[in-house]
Structures are given as C-alpha cells and as structure tokens.
Amino acid sequence: MKRNSFICIVAVLACFGLAFGSCQKDDPITPIDPTVDTADVIDTTVPIDTTVTHIDTVATLLGHWIATDVNQLAGGNFVDMTSWYNNFQLIFEADGTLITTDNINTTEMGWTYANGIVGFIQVPGMPAIDYHIMYISADSLSLQDQRDPNYITTMNFKRYAE
C-alpha cells in the first residue's frame, strides 16, 4: 500500500510538471554542465559556509533531512513546488537504505553516492535516479535533478532536529 501511494504521488508530480512545461516553449534553457565540479556551482538559495575547507560528503549526508523548499525550472518557468513536498523527509542510513516519508506515507529504497551524485534506487535492479549535490554542510543539503534540461528540480533540506 505504501509503495502504491508513493508511485501515485510521483505520477501526480510528473503530470504537474508536464502541465507547467507545456505553458511556454520559447525560452531556451541552458543545461547545467555535469562536468563542472560541484564546488564551482553556487546555489544562491542555500547559504554557503565559507569556513569549510573539506567535507566528508557521505558522512555528512547520513541522517535525517526535511525539505525546506522545492522548486522547478520547467520549460523556462520557475515553479515553486514546496507545498507539494509538505513534510517531505529523507533518512540516509549507512547501510545504503534510504527512507522517504511525508509523515503519512513511508517508502524504503536504496541509495548510492559517487562523485557528487547521490542516486535513489527506487526499484531494485533498475538504475538509480541521480541527484547532483549542489551544496552540503552539517545542517544544509541541496539536491538537483538534472536528467531533463527542460525540468530541473532543486530540493533544499535542513537537518531534522528531533
């Protein structure tokens, strides 16, 4: 039941993204070059801690995160999707388990990390959905889905304080 609810939510979000993407096709989007080192990419929606000289990304990624804002650049239009992700949380465990929840539905999947990219393995045996880590610190995380340059989704999180 939980898996079906998660799939339903993902399908609704995909339809929502397609609806906004069809509104305007005139403005070209310059895709983000994935070969650029993530240290050179600045996400202005997340404050940057200039005192950090080295971050153990995997160690910092582990733990409980709650979404603060989610936006999408869809077909050249900026869409604030934060209300769709109300109470959306990620829990990264050291054994490769990722738990996603909105405090109503909870789904367990796997995750991987390599070269500044965290992959969500939603279906065992299928390729992971890759999210670029745009910024990470002890208490802030910014992920960006760059699979389709027409629909770039940025999710910002803060560490969940229980």
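User: Contact means heavy atoms within 4.5 Å. In this predicted model, which residues does Leu141 touch, not counting residues up to four places away in sequence?

Analyst: The structure is a predicted model, and Leu141 is among the residues with the most contacts inside its largest nonpolar core. Once residues up to four places away in sequence are set aside, the residues that Leu141 touches are Leu61, Trp65, Phe92, Ile133, Tyr135, Ile136, Met155, Asn156 and Phe157.

User: How many residues does the largest nonpolar core have, and which strands each supply at least two residues of this core?

Analyst: The largest nonpolar core has 25 residues, and Phe92, Val118, Phe120, Leu141, Leu143 and Phe157 have the most contacts inside it. The strands that each supply at least two residues of this core are β1 (63-74), β3, β5 (106-114), β6 (117-121), β7, β8 and β9.

User: How many bridges pair β8 with strand β9?

Analyst: On one side, β8 runs antiparallel to strand β7 (residues 129-136) and is joined to it by 4 bridges, with Ser142 in β8 as the bridge partner of Tyr135; these two strands form a hairpin with 3 residues between them. A second hairpin leads from β8 to β9 through 2 residues, and Thr153 in β9 is the bridge partner of Asp145. The pairing of β8 with β9 (residues 151-159) is also in the antiparallel sense, and its number of bridges is 7.

User: Why is the ring pair of Tyr85 and Phe88 placed in its class, and which class is that?

Analyst: A search of the whole structure finds 5 aromatic pairs. The rings of Tyr85 and Phe88 have their centres 5.4 Å apart and their planes at 80°. Planes over 60 degrees apart fall in one particular class, and therefore this pair is edge-to-face.

User: How many residues apart are Phe88 and Phe157?

Analyst: The rings of Phe88 and Phe157 have centres 6.3 Å apart and planes at 45°, so this pair is tilted. Both Phe88 and Phe157 are buried. The pair links distant parts of the chain, since Phe88 lies in the loop between β2 (77-80) and β3 while Phe157 lies in strand β9, and their separation is 69 residues.

User: Is Gly116 buried or exposed?

Analyst: Gly116 is found in the loop between β5 and β6. In space, its C-alpha is 7.9 Å from that of Thr57, although the two are 59 residues apart in sequence. The cut-off for a buried residue is under 20% relative accessible area, and because the value for Gly116 is 9%, Gly116 is buried.

User: Which element has the lowest mean pLDDT?

Analyst: The protein averages a pLDDT of 76, with 65% of its residues scoring at least 70. Over residues 22-44 pLDDT stays under 50, and for this stretch the model has 28 contacts beyond four places in sequence. Among the elements, strand β3 (residues 89-92) has the highest mean pLDDT, at 95, whereas the lowest, at 54, belongs to helix α1 (residues 2-21).

How values were computed: Residues numbered from 1 in each chain as written. Predicted model: local features only at pLDDT ≥ 70, side-chain atom pairs only at ≥ 80, totals over all residues. Heavy atoms only, no water. Pairing = 2+ DSSP bridges. pLDDT = per-residue confidence, 0-100. Core = buried A, V, L, I, M, F, W, Y, C linked by side-chain atoms within 4.5 Å. Buried < 20%, exposed > 50% of the residue type's maximum accessible area, 1.4 Å probe, protein only. Phe/Tyr/Trp six-rings, centres within 6.5 Å; stacked < 30°, edge-to-face > 60°.
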